[in-house]
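These are my notebook entries on one protein structure. I set down what I looked up, topic by topic.

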Amino acid sequence: MHDISREAVIEGKIDHKHKESESFWTSEPEKIEPFFSPALSVILISLSFFLGGDKTSIGINLSLAACALSGLPIIKNSIRAIFEDKRLNAEFLVTLALFASIWVGEYLAGAIVVLMMNVGELLEDITIAKTGDAIRKLIEITPDYATVIRGGREITVSTEEVQKGELVIVKPGEKIPVDGIVERGFAEVDESAITGEALPVNKEEGNGVFSGTINKNGVIIVRATRVGSQTTLAKIIEMVKEAQSKKPPIERIADRFSGWFTPAILLFSAIVYLITGEILRAVSILVVACPCALVIATPTAVVAGIGNAARKGILIKGGAILENMGKLTSFVFDKTGTVTLGVARVDEIKSFSTFSEDAVLELAAIAEKHSTHSLANAILSKAEEKGLIITPPDKSKTIVGKGVKVISGNDEIIIGNPLMFKDENIELPEEVCKYIDTKANEGNTTVCVGFNGKLAGVISISDTIRKEVSETINDLKSLGAKSIVMLTGDRKESAKKISEGIGFDRVEAELLPEDKVLHITKMKETGEIVAMIGDGINDAPALALADVGIAMGTGGTDIAIESADIALVSDDISKVTEGIAIGKKTIQIIKQSLAISIVINALALYFASSGLLGPIGGAIVHNIGSFVVVGNSARLISYSFKK
């Protein structure tokens, strides 16, 4: 028998005052308190039974005392629901059953019914609390203190006091209290709580670290880039809480059903009483008919499913997303940073002017100075490797899907694909076009560099396919995917070379962001349910349009992650399969639980109205239904697509 807030399920704690906390019990007295009333009721009922039950005055008084002890919380909740929520809840049915039992002199039966309801709810609460473990574990790993360097001294402060830009010392065994960049030192860091990656990751100067991860060995000094509520861990906690609070359409159907179900049962119970004249039949109907299993079937599964995914570094932004995940038929992958590692490197610099190769590289690096694209990182890394001093441009403009145009002093520099040069009316000689075609056939990406309206040179950049891509595609097909497509802005020759042997059903190349949107629109118009997997700014429109948008995490941009329905904290593309599998399993379990609860309720109503099931038996059947549903949802806590 559950009349609970969805937020209570999310927090993993439901007490009888409808208050939330971070754990089911927070102190020793609180651990004992929920069991006190049921234990005392058992004693009173036992004494009543051995002292004559409903046949003696002392037995009746003991039964009435048990009725008051176990029945009072139920009565209070039913009154609260009527006057505050303006609705009839499950407790209202049990309250009527209790008063009806007392009215006809079935004191002991009434006491046993409300006792069983309370014990059943207590056991359900304990089980439901486990489905909220993911949030509590994330909260528990949040560091409380940090050691910062201020005025040349090490000072311990609360994590809320750490300022962006401060240096934080993290010693072996300590949790990293901020997101930041390692300034000095080397350490192995356990990032499993954030990314789901089991093996420790080596961190050295220049590497990024997450708040809540654990320094296994070594001492590192970290420059804080995100603190407090801005850290990845804090955002994950908030995102998961928000996601678990969003109802999927299937749950709203269940809510509407339970809304009219209670009045219908009251009417049915009254009709049975008028036809048979047996009040106990009516009481039995009220006891068995509470739609508790139906009400808790979806929220417990959603909380468990989203929580399990969060522990694996997969952030699903709501129950409606879970439901869409269960229906997906097609998957669309962006190439750069998704199918490939996104760790591009410069292979060759070719001058097609009086500029030297280093000069061409310097122009490109100036243009890409403020860009976050993986190709820009490759160019800037090459410039740094050659020891070039790169001054930032005075003005910069990104032309999405084409390139970048900047002003540096009195000069204009552009870098981008041939389309951008066409837009700028800069003609590419045949020699240049042949060079670009040759590199495309080798699987490389080329960018043209222009200076004051003329071509300066071309830079050839290569990327590496993620080793798990082929396995991920095969796994998605095993989960029912009918079509898997790669979309890219690269030239057709380059895209074809890169995708060879991976398993894509179709590859579409030379696409602008709006072209990717058009492809997804056409797929949806043919009835396909489409997921889009990407990581960059130019993926954001497609991610938002897809039925389910999936953004690669640490390698992805903030705008891509905001546009997506699912965010992968790590850049492990196999997490896509794991997330889809969890989504499908969650919806499968919800449908199972709804079917189970409806069948149990229907059978119980039949036997109760036929006089074959009394109030006590009805209470047992009612709680069995709830236990089965909660237990079914609890299977999601440890579910894994690949054991």
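**Basis.** I worked from a predicted model, in which local features need pLDDT of at least 70 and side-chain atom pairs count only at pLDDT 80 or more, while totals for chains, interfaces and linings use all residues. Residues are numbered from 1 along each chain as its sequence is written, and side-chain values use heavy atoms, with hydrogens and water left out.

**Whole chain.** I recorded 24 helices and 22 strands in the protein chain; helices (H or I, at least four residues) and strands (E, at least two) are DSSP runs, numbered from the N terminus. Of its 643 residues, 52% count as buried; buried means under 20% relative accessible area, exposed over 50%, and partly exposed in between (1.4 Å probe, protein chains only). I then looked up contacts (heavy atoms within 4.5 Å). Among those between residues at least 6 apart in sequence, 67% join residues at least 24 apart.

**Cores.** I next turned to nonpolar cores, which are sets of buried Ala, Val, Leu, Ile, Met, Phe, Trp, Tyr and Cys residues joined through side-chain atoms within 4.5 Å. The largest has 49 residues, of which I316, F331, F333, I566 and I580 touch the most other members. Helix α11 (residues 292–311) gives the most to this core, with nine residues. Leaving aside residues up to four places away in sequence, I580 touches M325, L328, F331, L476, L479 and I550. A second, separate core of 34 residues includes L44, I74, V114 and A289.

β13 pairs with strand β14 (residues 403–408) in the antiparallel sense over five bridges; pairing requires at least two bridges found by DSSP. I399 has G403 in β14 as its bridge partner. Three residues lie between the strands of this hairpin, and G401 takes a positive phi near 85 degrees.

**Surface patch.** Which residues form a nonpolar patch on the surface? I noted F36, L40, I43, L47, L51 and I58, with about 540 Å² of accessible area together. Such areas come from the Shrake-Rupley method with a 1.4 Å probe, and for residues only the protein chains shown count as cover. Helix α2 (residues 28–50) supplies the largest share of the patch, four residues. I58 has its place in helix α3 (residues 57–84). I58 counts as partly exposed because its relative accessibility is 46%.

How values were computed. Patch = residues over 30% accessible without salt bridge, like charges linked within 9 Å, V, L, I, M, F, W, Y side chains within 5 Å. Salt bridge = Lys/Arg side-chain N within 4 Å of Asp/Glu carboxyl O.
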